[in-house]
Amino acid sequence: MVSKAAVLSLFLLLFSSISGGTSELVDEEHPKTWCVAKPLANKETLEANLDYACSQVDCKFLEKSCPCASPDNLINHASLAMNLYYQCKGRNKWNCDFKESALLTTTDPSSSDCIYIYEEK
């Protein structure tokens, strides 16, 4: 089950993205974008997304000793893997669908300990 804190933080991320946020944009036509799990995505879907993304890209950043492994929960790990997949596959909208369980955001989801990858096109 997804924790209330995880849902709240992703809701705030989504709200910030929808309301304009304070993200740094490359330009108005090509904003920086990241792919994250929808806050209310179910456990089975997130597990499938994590498995699929990690079968396509290297998910070593999720090892216990890596800063991005924390918080150690499914929505965080799925979001990181889904974003890596999205970035590595060319940042196409369809690479962040995951059966409608993901969303694109222009708000950088990185933290001081974990930097979400962003690939320039």
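This is a predicted model: local features need pLDDT of at least 70, side-chain atom pairs count only at pLDDT 80 or more; totals for chains, interfaces and linings use all residues.
## Surface and overall layout

Of the 121 residues in the protein chain, 42% are buried.

As for secondary structure, you'll find 3 helices and 2 strands. Follow the protein chain along its sequence and the pattern reads α-β-α-α-β. Take the contacts between residues at least 6 apart in sequence: 74% of them join residues at least 24 apart.

## How H2 and H3 pack

Two packed helices are described by the angle between their axes and the distance between the axes. Here, helix H2 covers residues 43–56 and helix H3 covers residues 74–88; their axes come within 8 Å and cross at roughly 40°. That angle makes H2 oblique to H3. The crossing of H2 past H3 is left-handed.

Which residues of H2 and H3 meet? On the H2 side they are Lys 43, Leu 46, Glu 47, Asn 49, Leu 50, Tyr 52, Ala 53, Cys 54 and Gln 56. Their partners in H3 are Leu 74, Ile 75, His 77, Ala 78, Ala 81, Met 82 and Tyr 85. Sort the residues of this contact by type and you get 11 nonpolar, 3 polar and 2 charged.

With a relative accessible area of 21%, Thr 45 is partly exposed; the cut-off for buried is under 20%.

Leaving aside residues up to four places away in sequence, Thr 45 touches Phe 98 and Ser 101. Then there's Lys 99: although Thr 45 and Lys 99 are 54 residues apart along the chain, their C-alpha atoms are separated by 8.4 Å.

## Backbone details in the loops

Now for the loop between H2 and H3, which is where Pro 71 is placed. The peptide bond from Ser 70 to Pro 71 is cis, and its omega is near 5°.

Lys 99 isn't a glycine, yet its phi is positive, at about 55°. Glu 100 is found in the loop between H3 and E2 as well, and Glu 100 also has a positive phi, near 65°, without being a glycine.

Are Lys 99 and Glu 100 buried or exposed? Lys 99 counts as exposed because its relative accessibility is 77%, and Glu 100 counts as exposed at 61%.

Methods. Residues are numbered from 1 along each chain as its sequence is written. Side-chain values use heavy atoms; hydrogens and water are left out. Axes are lines fitted to C-alpha atoms, for helices over the stretch in contact, and angles run from 0 to 180 degrees between N-to-C directions. Helices (H or I, at least four residues) and strands (E, at least two) are DSSP runs, numbered from the N terminus. Angles under 35 degrees count as roughly parallel, over 145 as roughly antiparallel, 65 to 115 as roughly perpendicular and the rest as oblique. A crossing is left-handed if the near helix is turned anticlockwise from the far one by less than a right angle, and right-handed if clockwise. Contact means heavy atoms within 4.5 Å. Ala, Val, Leu, Ile, Met, Phe, Trp, Tyr, Cys and Pro count as nonpolar, Asp, Glu, Lys and Arg as charged, and the others, Gly among them, as polar. Buried means under 20% relative accessible area, exposed over 50%, partly exposed in between (1.4 Å probe, protein chains only).
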